[in-house]
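Trainee: I have a new model to look through today. Could you help me read it, step by step?

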Amino acid sequence: MTAQAALDLAEAVAEQLADPHTAYLGPAVSHRQHLAYGLPGIALLHIERAAAGLGPWQRAHDWLAAASREPLTSGPDSHPFYGAPAFAHAVACAADHLPGAYQRALDTLDRQMADDVSRRTDAAHRRIDAGLLPALAEFDTIRGLSGYGSYLLRRRNPGSAALRAVLDYCVRLTEPITHDGENLPGWWTDTGPSGRPDDRFRGGHANNGMAHGIGGVLALLALAAKQGTFVDGHDDALGRILVWLDRWREDTGRGPAWPYWVTRDELRTGRLTPSAPRRPSWCYGTAGLARAQQLAALALGGTRRKVDAENALVAALTNPAQLKATTDSALCHGFAGLAHVAARAADDAHPSTAGQLRATIPALLAAAHPPGTDPEHAATTLMRGPGLLDGAAGIALALLAPSTSAPPRSAWDTCLLIA
């Protein structure tokens with residue numbers, strides 16, 4: 001897929017999503033406040049295009065206005081991808097370029113975010129003090145404190161009490177916990193990956209994912225360190241997560257891979273249950289975890305681990321069995337997301353692997369948008385879902401960075417903890 005074809009498709013998607021009053025939104029109508037599926041995620045596409053000089057700022061403003069036309073959910077019923085925190089991410093991306101237009105709203109949202117973090121970290125520390133296991137939604141990227149940390153980091157206030165509270169909590173989360181007489185990692189949850197009890201996960205599991213597991217915590221701690229923000233025990237916490245991932249690293253014959261999660265039986269035996277090759281997505285799997293480990297190596301200064309993580313990513317993105325398990329184009333778990341992770345990793349990669357990572361991108365984009373496909377027709381097909389994580393807006397955003405040979409101008413992808 002050529003850079004021009006990628007730009008053409010991104011433009012076609014943006015045109016079909018030009019006006020929030022006339023665009024076909026389908027189920028996104030009922031997800032007005034949701035960053036993953038709804039209006040704030042679509043606003044990110046127009047913010048990024050405007051920041052790159054590819055579209056008008058009025059479209060971004062129109063989508064933000066539509067997202068906030070009714071009161072936004074805040075407090076306990078909100079989370080980083082829903083309600084006021086989700087809207088805050090989109091507004092912050094716009095405010096980087098038009099601060100005067102959004103500063104008052106951003107000041108209000110920042111105060112709400114600080115209040116949310118205080119409430120959530122207090123509850124988390126009480127839970128740890130009581131010797132209880134966490135819920136995934138306590139710490140993950142989508143619903144938990146890692147997601148709040150991603151927002152606080154992108155606001156670039158390293159002295160922020162809220163940011164330091166999140167990082168202190170993340171350090172404590174990595175400390176082992178004894179439960180039912182067994183030593184478990186501190187992020188062990190007694191539910192299944194859905195966050196609900198699951199007979200397939202008797203005894204719970206340790207989630208490794210970027211979206212819902214310890215991968216997001218690793219990336220947050222690494223990005224904070226990379227920006228020069230440290231708390232007590234910071235390096236030790238990074239080390240504990242890396243040791244865990246080293247323990248469960250698998251050799252596929254075509255490079256290493258990491259399981260989506262570890263069950264209680266697997267923990268007790270020290271052996272993973274054999275499984276078919278899994279997709280190497282952002283949300284779960286080798287792509288997101290390789291990027292998180294690359295970021296950790298950048299923070300800690302470990303060249304060998306950095307190159308190992310980059311080689312693991314190259315292997316995953318060129319492994320026919322893993323790519324065959326990738327069945328859609330979405331940002332969250334499809335080819336567009338793989339291309340975007342590869343582009344972000346290549347920007348930070350060692351000279352020996354940067355070229356290999358960039359070389360994977362054209363084929364991944366071609367899988368998302370086959371060559372010769374009319375961009376307007378392709379955009380219509382993608383419009384079956386218009387949102388960020390699973391839909392057209394996210395795919396279009398992923399097409400932009402490799403096409404313009406530049407990292408995102410609006411830092412829209414900081415919510416994914418890959419930058």
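Mentor: Gladly! A contact, or touch, means heavy atoms within 4.5 Å. This is a predicted model, where local features need pLDDT of at least 70 and side-chain atom pairs count only at pLDDT 80 or more, while totals for chains, interfaces and linings use all residues. Residues are numbered from 1 along each chain as its sequence is written, and side-chain values use heavy atoms, leaving out hydrogens and water.

Trainee: Which residues does Trp282 touch, not counting residues up to four places away in sequence?

Mentor: Start with the largest nonpolar core, 134 residues in which Trp282 is one of those touching the most other members. Such a core is a set of buried (under 20% relative accessible area) Ala, Val, Leu, Ile, Met, Phe, Trp, Tyr and Cys residues joined through side-chain atoms within 4.5 Å. Leaving out residues up to four places away in sequence, Trp282 touches Ile142, Met210, Ala211, Gly288, Leu331, Cys332, Val341, Leu389, Leu416 and Ile418.

Trainee: Is Thr229 buried or exposed (over 50% relative accessible area)?

Mentor: Thr229 sits in the loop between helix H9 (214-226) and helix H10 (234-247); helices are DSSP runs of H or I, at least four residues, numbered from the N terminus. Beyond four places away in sequence, Thr229 touches Pro158, Leu163, Arg164, Leu167, Ala224 and His234. Its relative accessible area is 2%, so Thr229 is buried.

Notes:
Helices (H or I, at least four residues) and strands (E, at least two) are DSSP runs, numbered from the N terminus. Buried means under 20% relative accessible area, exposed over 50%, partly exposed in between (1.4 Å probe, protein chains only).
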